[in-house]
Amino acid sequence: MKIQERSDGKVTVLDLKGALSLGESEDLFRETISGLLTRGRSAIVVNLEKVEFIDSSGVGVLIKCLTSVTRAGGNLKGLRPSPAVLKILKVTGVHALFEFFDEEAKAIASF
């Protein structure tokens with residue numbers, strides 16, 4: 001998985017591409033979120049549009065990172081989950097834990 005980080009004012013947008021699954025991608029995502037929190041960046045939008053696959057470890061890391069960001073006083077929101085990812089998030093009930101947006105501008109404005 002690849003993660004591209006960009007900022008729009010106080011909001012950080014993470015563009016994910018590839019699979020969010022057990023192993024390196026899970027670790028990379030967790031380390032990226034941890035690094036943002038260390039730098040005081042706790043308003044985060046995760047763009048899931050180009051995530052083709054997510055497994056239980058990927059779902060778990062999303063929940064763990066949501067918890068970490070919330071504890072830091074911030075918020076983690078989702079953007080355009082791909083159909084495959086959205087299906088998994090709905091089946092597992094994780095979809096209800098996040099606020100999801102179809103438009104990046106609306107996601108950013110929600111903070």
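**Helix packing and selected residues in a predicted model**

Guide: In this predicted model, arginine 30 is partly exposed, because its relative accessible area is 33%. Arginine 30 belongs to helix 1.

Visitor: What is the relative orientation of helix 1 and helix 2?

Guide: Helix 1 spans residues 24-38 and helix 2 spans residues 56-71. Their axes come within 10 Å and cross at roughly 10°. Angles under 35 degrees count as roughly parallel. The two helices are therefore roughly parallel to each other.

Visitor: How many nonpolar, polar and charged residues does the contact of helix 1 with helix 2 have?

Guide: Sorted by class, the contact has seven nonpolar, two polar and three charged residues.

Visitor: Over what arc around the axis do the buried residues of helix 1 lie?

Guide: The buried residues of helix 1 are Ser25, Glu26, Phe29, Thr32, Ile33 and Leu36. They are on the same side of helix 1, because they cover an arc of only 130°.

Visitor: Which residues are exposed on the other side of helix 1?

Guide: The buried residues of helix 1 pack against strand 1, strand 2, strand 3, helix 2 and strand 4. An α-helix has 3.6 residues a turn, so residues three or four places apart point the same way. On the other side of helix 1, the exposed residues are Glu24, Glu31 and Thr38.

Visitor: What span is expected for helix 2 at 1.5 Å a residue?

Guide: Helix 2 has 16 residues. From its first C-alpha to its last, helix 2 reaches 23 Å, which is close to the expected 22 Å.

Visitor: Which elements do the buried residues of helix 2 pack against?

Guide: The buried residues of helix 2 are Ser57, Gly58, Val59, Val61, Leu62, Cys65, Leu66 and Val69. These residues pack against strand 2, helix 1, strand 3, strand 4 and helix 3.

Visitor: What is the phi of arginine 80?

Guide: Arginine 80 lies in the loop between strand 4 and helix 3. Arginine 80 counts as partly exposed, because its relative accessibility is 24%. Most residues other than glycine have a negative phi. Although it is not a glycine, arginine 80 has a positive phi of about 40°.

Visitor: Which glycine with a positive phi follows helix 1?

Guide: Helix 1 has 15 residues and reaches 21 Å from its first C-alpha to its last. With a phi near 80°, the residue that follows helix 1 is glycine 40.

Visitor: How far apart in space are leucine 97 and isoleucine 63, C-alpha to C-alpha?

Guide: Leucine 97 sits in the loop between helix 3 and strand 5. Leaving aside neighbours within four places in sequence, leucine 97 is in contact with Ile63 and Leu66. Leucine 97 and isoleucine 63 are 34 residues apart in sequence, and their C-alpha separation is 8.2 Å.

Visitor: What is the C-alpha to C-alpha distance in space between aspartate 8 and aspartate 102?

Guide: Aspartate 8 is in strand 1 and counts as partly exposed, because its relative accessibility is 43%. Aspartate 8 and aspartate 102 are 94 residues apart in sequence, and their C-alpha distance is 17 Å.

Key:
Residues are numbered from 1 along each chain as its sequence is written. This is a predicted model: local features need pLDDT of at least 70, side-chain atom pairs count only at pLDDT 80 or more; totals for chains, interfaces and linings use all residues. Side-chain values use heavy atoms; hydrogens and water are left out. Axes are lines fitted to C-alpha atoms, for helices over the stretch in contact, and angles run from 0 to 180 degrees between N-to-C directions. Helices (H or I, at least four residues) and strands (E, at least two) are DSSP runs, numbered from the N terminus. Angles under 35 degrees count as roughly parallel, over 145 as roughly antiparallel, 65 to 115 as roughly perpendicular and the rest as oblique. Ala, Val, Leu, Ile, Met, Phe, Trp, Tyr, Cys and Pro count as nonpolar, Asp, Glu, Lys and Arg as charged, and the others, Gly among them, as polar. The expected span of a helix is 1.5 Å times one less than its number of residues. Buried means under 20% relative accessible area, exposed over 50%, partly exposed in between (1.4 Å probe, protein chains only). The arc is that of the directions from the helix axis to the C-beta atoms. Contact means heavy atoms within 4.5 Å.
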